[in-house]
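Please look over the sequence and the model below before reading on. The text then goes through a metal site, the nonpolar packing and some charged pairs.

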Amino acid sequence: MSRILLCEDDQLIGTMVRLNLEQDGYGVEWQRSGEAALELLTQQRFDLMLLDIGLPGMSGLDVARASRAAGVGTPIVMLTARDDLETKVQALDGGADDYLCKPFDMAELLARVRAQIRRSQGSLEVATEAELQIGMARVDFDRRTLRDQAGAEFELTDKEVELLQFLVRNPHRALSRADILEEVWGMDTSPTERTVDNFIVRLRKWIEPDAEHPRHIQTVRGWGYRYEP
Ligand code: CA
């Protein structure tokens, strides 16, 4: 079970976030002050910290800076009411890995939590093989090219490469559009779930024997996609 340290002084938000995380199977330790959270973070191992910026006493930014200065590598997702660029830059410079503005959508929060935990665990996994057969296409991840069944070669964009790698690393798993957005697009601009669909349409043309009836990148209705090698 992944453990999450939640640092939030607001009773209502804290209760709601903890409830949703626990429903998703996470173990949650909830602290109301930055000082208490920082102490716990240096004593115990957590898979992620959700950190409110506006705290009484030590601010979330201070907590992030102090934890990084203490050599703690736990991924940090900042929560804040302030949606300005300066705060965002400060949060990231201070050691946060991601950033979410209040009021946030719970589904989005959960997707970001999953993405951060996957990312930090994924760095321990073996890298994707340089060359892979994906459906009808041959993909060279080093050269970032794809050769289709007719032998034509295409250059892949960064997002296409990341999306393909994410799919092949997670075979047989139903991946939500929100998961895919978080993993592949992260904090880039503001892509929509339609963006994911458009990329999938393009990949299917290369990979599927029949793009109208996909076998390798299957649609999971109302959710997202599943890769079947
Ligand atoms: Ca607060």
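The paragraphs below start with the metal site.

This is a predicted model, in which local features need pLDDT of at least 70 and side-chain atom pairs count only at pLDDT 80 or more, while totals for chains, interfaces and linings use all residues. Residues are numbered from 1 along each chain as its sequence is written, and side-chain values use heavy atoms, with hydrogens and water left out.

The calcium ion has protein donors from Asp9 (OD), Asp52 (OD) and Gly54 (O), at 2.2 to 2.3 Å. Donors here are N, O and S atoms within 2.8 Å of the metal (3.2 Å for Na, K and Ca); water is not among the atoms, so sites may look incomplete. Along the sequence, the donor residues follow the spacing D-x42-D-x1-G. Asp52 counts as buried because its relative accessibility is 3%, whereas Gly54, at 40%, counts as partly exposed. The classes are buried for under 20% relative accessible area, exposed for over 50% and partly exposed in between (1.4 Å probe, protein chains only).

Next comes the nonpolar packing. A nonpolar core is a set of buried Ala, Val, Leu, Ile, Met, Phe, Trp, Tyr and Cys residues joined through side-chain atoms within 4.5 Å. The largest one has 27 residues, and those with the most contacts inside it include Ile134, Leu203 and Ile217. At least two residues of this core come from each of strand 6 (131-134), strand 7 (137-140), helix 6 (158-169), helix 7 (177-185), helix 8 (193-207) and strand 12 (224-227). Helices (H or I, at least four residues) and strands (E, at least two) are DSSP runs, numbered from the N terminus. Another core, of 21 residues, lies apart from it, with Leu5, Ala37, Leu38 and Ile76 among its members.

The charged pairs remain. A salt bridge is a side-chain nitrogen of Lys or Arg within 4 Å of a carboxyl oxygen of Asp or Glu, and by this rule there are 19 salt bridges. One of them joins Arg112 and Glu182, whose closest N and O atoms are 3.2 Å apart. This pair links distant parts of the chain, with Arg112 in helix 5 (residues 106-122) and Glu182 in helix 7, 70 residues apart. Arg112 and Glu182 are both buried.

Arg147 and Glu153 also form a salt bridge, at 2.9 Å between the closest N and O atoms. Arg147 is partly exposed because its relative accessible area is 40%; Glu153, at 36%, is partly exposed too. Elsewhere, salt bridges with shared partners join Asp98, Glu108, Arg112 and Glu182 into one network.
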